[in-house]
Amino acid sequence: MTLIEKLDNNIRLTYEDAVKLYDLDLFVLGKYANKIRETRHSKKTYFNINRHINPTNVCKDVCHFCAYSASRKNPLQYTLTHEEILEIVKNSSKNGIKEVHIVSAHNPDTGLQWYMDVFKKIKAAYPNIHVKALTAAEIHFLAEEYNLTYKELIKMMVDHGIDSMPGGGAEIFDEKVRKRICGGKVTTAQWLEIHRLWHEAGNKSNATMLFGHIETREHRIDHMIRLRDLQDETGGFNAFIPLVFQTKNNYLKVKKALSGQEILKTYAISRIVLDNFSNIKAYWATSTVKLALIAQEFGANDLDGTIEKESIQSAAGASSAYGIEVKNFVDLIKNSGFIPVERDSIYNELKVW
Ligand code: V47
């Protein structure tokens, strides 16, 4: 059977098939990706009203792609107190946020309870706000630092009010590339194991892929297939989020940013290859808002949220430092021919705008 016949008949693609997708014309890929998107979600585009919080940038690891983290000696290091974090949530709750998305660096100075107790405090004060927190990279760091098993940490996360896990720390699963861009932090096998355990405990998470640095197209497909395999086993992933590499202020020194065409192809391919993922998220902070809007026609059915403030991607050059207004977001989705649907963090529909 040819690749096109497989696409026409919705047959699952092998790794070899999927690599060949990149050779297809962008609009051919878009046609197939959009067909799947429309079957699953019609013209609906999901977003949420959320607040990103990055409580500390002090990091014991050195990921070469990262512009956010600071060493202990860096004069620009910061660590928020719980009171400061709660004040942020208080102010954001007035703006109608339904989710806080909390991601920190791997700070060896704060102690385990600084990481954990803040979730409990947020939940106690704002029981209706969904807490999406702790990437697999942070969980691995805490497990090593405090001599805990992943299972013990997962139990602590649930006991402290964490509702779901974000998809960060996945980067690229290929072990050789991973070693070069973020050797020393959570390995591929560990990242997958942590998500497996989280799912087995009855919880949901997301999965990301950082692309546009030193990886090849083959590495991206390999990454997607490893996620597809785990999703077959657990069904615990809500969304796949391809993160476009931001090139500024980091050690990788990637001179050539990805073309819009390559980014759109990657969204479309992820929609086709990840046949067991309901949601493909074009995270506007890394793709730019304009490309995220176009990505709606190339398989993406989710644009993440209003963010309010963001420090990781914006440190590397993205224009996401101050989020996006709900009204503006909704108008942009509508004007591009799609239906803006506000969702909660686990994809229940809250409001058609
Ligand atoms: O894992 C770091 C990435 C991630 C850069 O689960 C960079 O809903 C681009 O995971 N260029 C953290 N990306 C953010 C993340 C995320 C974002 C939005 C939604 C969700 C979700 C998760 O940020 C890290 C890393 O891959 N990152 N540096 C950079 N220079």
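## Ligand contacts

A backbone N or O atom of Gly168 lies 3.2 Å from an oxygen atom of the ligand, a polar contact in the sense of a pair of N or O atoms within 3.5 Å. For Gly167, a backbone N or O atom is found 2.8 Å from an oxygen atom of the ligand, and a polar backbone atom of Gly169 is 2.7 Å from a ligand oxygen atom. The ligand taken alone exposes 620 Å², of which the protein buries 96%; accessible areas come from the Shrake-Rupley method with a 1.4 Å probe.

In total, 22 residues surround the ligand, each with a heavy atom within 4 Å of it. The closest are Lys132, Gly167, Gly169, Glu171 and Lys281.

## Basis of the model

This is a predicted model, in which local features need pLDDT of at least 70 and side-chain atom pairs count only at pLDDT 80 or more, while totals for chains, interfaces and linings use all residues. Residues are numbered from 1 along each chain as its sequence is written, and side-chain values use heavy atoms, with hydrogens and water left out.

## Helices 5 and 7

Helix 5 (residues 112–125) and helix 7 (residues 150–159) have axes that come within 8 Å and cross at roughly 35 degrees. Leu112, Gln113, Met116 and Lys120 of helix 5 meet Leu153, Met156, Met157 and Asp159 of helix 7, contact being heavy atoms within 4.5 Å. By class, this contact has 5 nonpolar, 1 polar and 2 charged residues.

## Lys6

Lys6 belongs to helix 1 (residues 3–8). Lys6 is buried, with a relative accessible area of 15%, where buried means under 20%. Apart from neighbours within four places in sequence, Lys6 is in contact with Met1, Ile11, Leu13, Thr14 and Asp17.

Definitions and conventions: Axes fitted to C-alpha atoms, helices over the stretch in contact; angles between N-to-C directions. Helix = DSSP H or I, 4+ residues; strand = E, 2+ residues; numbered from the N terminus. Nonpolar A, V, L, I, M, F, W, Y, C, P; charged D, E, K, R; others polar. Polar contact = N/O pair within 3.5 Å; in protein donor to acceptor, adjacent residues only side chain to side chain. Buried < 20%, exposed > 50% of the residue type's maximum accessible area, 1.4 Å probe, protein only.
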